[in-house]
Every structure is written in C-alpha cells, then in structure tokens.
Amino acid sequence: MKEYPTKTQVLTEPRPNFKRGLMDLVSEWKKEFYGGWEQEFEETQMLGLAVLSLRICALYNVGLVDVTIGEVDSFSPKEQHIYLTKPSVITMLHELAHHLFGPDELQACRWSVWIYQLRFRNDYNKLVWDQHRIVRPSSRKAKQSK
Ligand SMILES: [Zn+2]
C-alpha cells in the first residue's frame, strides 16, 4: 500500500513554490473553459483538461502528455499518459504533478491541492477530505487514486 500524506501535511504553509506564470495560466484557462463546466459533455471536459495539461507542460518545459479516460486515475511515465476515471481538474493536476516532479505523493498532493484551493475556491469548499483525498461528499467510496 502506497504511503499518502495527511491533510495537515498537504495544507501546511508555506504554499508550494509555483513556477512564475502558473497561476495566471490557470486563471486564463478557467475563463476560457470553466464557465458552465458542470453542464459540459464529458468529451468537452476532457478536451479542456488536455488543453490545461499541455499549457502547463509548455510552461514547465517538459514533454506533453496525453489525457484520456481510463480505468484507474494514474500517470504512466512509460506511456507519458494521464488516465482519469472521470473528468476532474484536481485529479488531472495531481497526476500531472507526477509527470512534472516524479512519484513523491506529498509533492503531487501539495502542488495540485494548493492550485485547486487558490484558483477553484468555490469547488474546493464543496469537497470533503477522505483520508488523503478530497472528493465530492457523494463519491467517498470512489476508487483509490494512485
Ligand atoms: Zn499520486
């Protein structure tokens, strides 16, 4: 069983050191893609997440990754591929963090959760912590992410 960080470890200050331009990039993406997000088709949401991932990869100057629906939320370094069980901004950011920074769960959790709480505050406030994950209250028994 993989070791996951606790809520306290993830949220402890100081916030992660984000690359310059990242927060503006996320804000721009939100304006373009996130209005009416809940009503979008899954295909449109996945397209939006793919755009977000490639813009962040470009900012961090790393190779691009594919983002598609898969059976388990995961990042495959071998395939350079992020699999998501459903379109989810925070899960995509988490898996993308593994592409950017490697397998360290604390780093991946901190980077993705901090972006999410800083830039998707309304959504973040609707989620609840379920051990190391933050999820919608209705999906507490959802599959474990890697
Ligand atoms: Zn992870």
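The expected span of a helix is 1.5 Å times one less than its number of residues. The views below show a predicted model.

**View 1. Helix 5, its span and its buried residues.** Helix 5 consists of 15 residues. From its first C-alpha to its last it reaches 21 Å, close to the 21 Å expected at 1.5 Å a residue. Buried residues in this helix are A108, C109, R110, W111, S112, V113, I115 and Y116. Their cover includes helix 1 (7-11), helix 2, helix 4 (89-101), helix 6 (121-126) and strand 5 (133-135).

**View 2. The packing of helix 2 against helix 5.** Helix 2 (residues 22-33) and helix 5 (residues 105-119) pack at an angle of about 55°, and their axes are 11 Å apart. The two helices are therefore oblique to each other. The crossing of helix 2 past helix 5 is right-handed. Helix 2 contributes M23, V26, S27 and K30 to the contact, and helix 5 contributes I115, L118 and R119. By class, four of these residues are nonpolar, one is polar and two are charged.

**View 3. The cis peptide bond between E13 and P14.** Omega of this bond is about -5°. P14 sits in the loop between helix 1 and helix 2.

**View 4. N61, a residue other than glycine with a positive phi.** Its phi is near 60°. N61 belongs to the loop between helix 3 (42-60) and strand 1 (66-69). N61 counts as exposed because it has 7 C-beta neighbours inside 10 Å.

**View 5. Q80, not a glycine, with a positive phi.** Phi of Q80 is about 50°. The loop between strand 2 (74-76) and strand 3 (81-84) holds Q80. With 14 C-beta neighbours inside 10 Å, Q80 is counted as partly exposed.

Methods. Residues are numbered from 1 along each chain as its sequence is written. This is a predicted model: local features need pLDDT of at least 70, side-chain atom pairs count only at pLDDT 80 or more; totals for chains, interfaces and linings use all residues. Axes are lines fitted to C-alpha atoms, for helices over the stretch in contact, and angles run from 0 to 180 degrees between N-to-C directions. Helices (H or I, at least four residues) and strands (E, at least two) are DSSP runs, numbered from the N terminus. Angles under 35 degrees count as roughly parallel, over 145 as roughly antiparallel, 65 to 115 as roughly perpendicular and the rest as oblique. A crossing is left-handed if the near helix is turned anticlockwise from the far one by less than a right angle, and right-handed if clockwise. Two residues are in contact if their C-beta atoms, placed from the backbone, lie within 7 Å. Ala, Val, Leu, Ile, Met, Phe, Trp, Tyr, Cys and Pro count as nonpolar, Asp, Glu, Lys and Arg as charged, and the others, Gly among them, as polar. A residue is buried if 20 or more other C-beta atoms lie within 10 Å of its own, exposed if 12 or fewer, and partly exposed in between; C-beta atoms are placed from the backbone.
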